[in-house]
Amino acid sequence: MNKNPEDKDKSLIEHLEELRKTLISCFLSVAAALPFAFYFSPKILDLIINTFLKDKELYYFAPMEVFLIQLKLSFLVSLAVCFPFIAKQLWNYLLPALYDNEKKFIKIMVLSSSFLFISGVSFCLIVIFPLIINFALNFAQNNVIAMFGVANTVNLALNLAFVFGLMFQIPLITNLLIHWGILSYETVSSKRRYVIVLLLICSALLTPPDIISQILLFIPTYALFELGLIFSRKTEKSEE
């Protein structure tokens, strides 16, 4: 386990100064990418609508509504494009303070968490979000016409995608709690009913106030919890 000896000689002020420079470089990268992302934001918005909403038409009801949505999309796209650079800058800042085994562990956790987050976002946008839109359209009648606002629809898609990305971290969290010895496999598996209640509460709080969204979030999340338990059990047995 190697650690950079020069790191011991650095004062707290020097560490804070390095952190400040790292954060500034991350912020400047996002700021530099923002104008380009905003230029392409109308095409990005069209791509989202055509891909995930198919032939649905969206309307806007305020003068600045579309502009604000494009600005939000621009920021998210800039953040996504600059994420490799930001991750590298943060990793270079933390690297000297870590032992070899800690570097390997953090790298695995970051890769696993990123994969789960992307999987959750993709699952939401490709599967869940179109289901919610089609379910909402079923309530249209002769005198009740469905008109979706662009701000409400896009914000719903982005919020749900973020929530699914977070909830897909459940197997990783479960595995870490068991791996670190905070909880045992037997304890977690015997408390399934409490986990179910907790996940139902989280699904109700994190999704719009409709039972369909809550169920669609709860089912894959609970399945991932069980998957995390299975993986944790195999890891525990291999360590024994």
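I started in helix 1, where Glu17 and Arg20 both sit, three residues apart, about one turn of the helix. Helices here are DSSP runs of H or I with at least four residues, strands are E runs of at least two, and both are numbered from the N terminus.

**Ground rules.** I'm working on a predicted model, where local features need pLDDT of at least 70 and side-chain atom pairs count only at pLDDT 80 or more, while totals for chains, interfaces and linings use all residues. Numbering runs from 1 along each chain as its sequence is written, and side-chain values use heavy atoms, with hydrogens and water left out.

**Salt bridges.** I searched the whole structure and got two salt bridges (a Lys or Arg side-chain nitrogen within 4 Å of an Asp or Glu carboxyl oxygen). Glu17 pairs with Arg20, with the closest N and O atoms 2.7 Å apart. Glu17 is partly exposed at 32% relative accessible area, and Arg20 is partly exposed too, at 43%. My cut-offs: buried is under 20% relative accessible area, exposed is over 50%, and partly exposed is in between, using a 1.4 Å probe and protein chains only.

The other pair is Glu226 with Arg192, closest N and O atoms 2.8 Å apart. Glu226 is in helix 9 (residues 211–239) and Arg192 in helix 8 (residues 192–206), so this bridge ties together parts 34 residues apart in sequence. Glu226 is buried at 19%; Arg192 is partly exposed at 28%.

**Helix 2.** I checked the length of helix 2 (residues 41–52): its 12 residues should span 16 Å, and the end C-alpha atoms are 16 Å apart, which agrees. The expected span is 1.5 Å times one less than the number of residues. Which residues of helix 2 are buried? I found Ser41, Ile44, Leu45, Ile49 and Phe52. They cover an arc of only 135° around the axis, which puts them on the same side of helix 2; the arc is taken from the directions from the helix axis to the C-beta atoms. Lys43, Leu47 and Asn50 are exposed on the other side. The cover over the buried residues includes helix 1 (12–39), helix 3 (65–94) and helix 4 (100–137), counting contact as heavy atoms within 4.5 Å. Just past helix 2, Lys54 has a positive phi of about 55°.

**Helix 5.** I ran the same length check here: 18 residues should span 26 Å, and the end C-alpha atoms are 26 Å apart, which agrees. Its buried residues include Val150, Val154, Leu160 and Phe164.

**Loop.** I noted Ile145 in the loop between helix 4 and strand 2 (148–149). Ile145 is exposed, at 68%.
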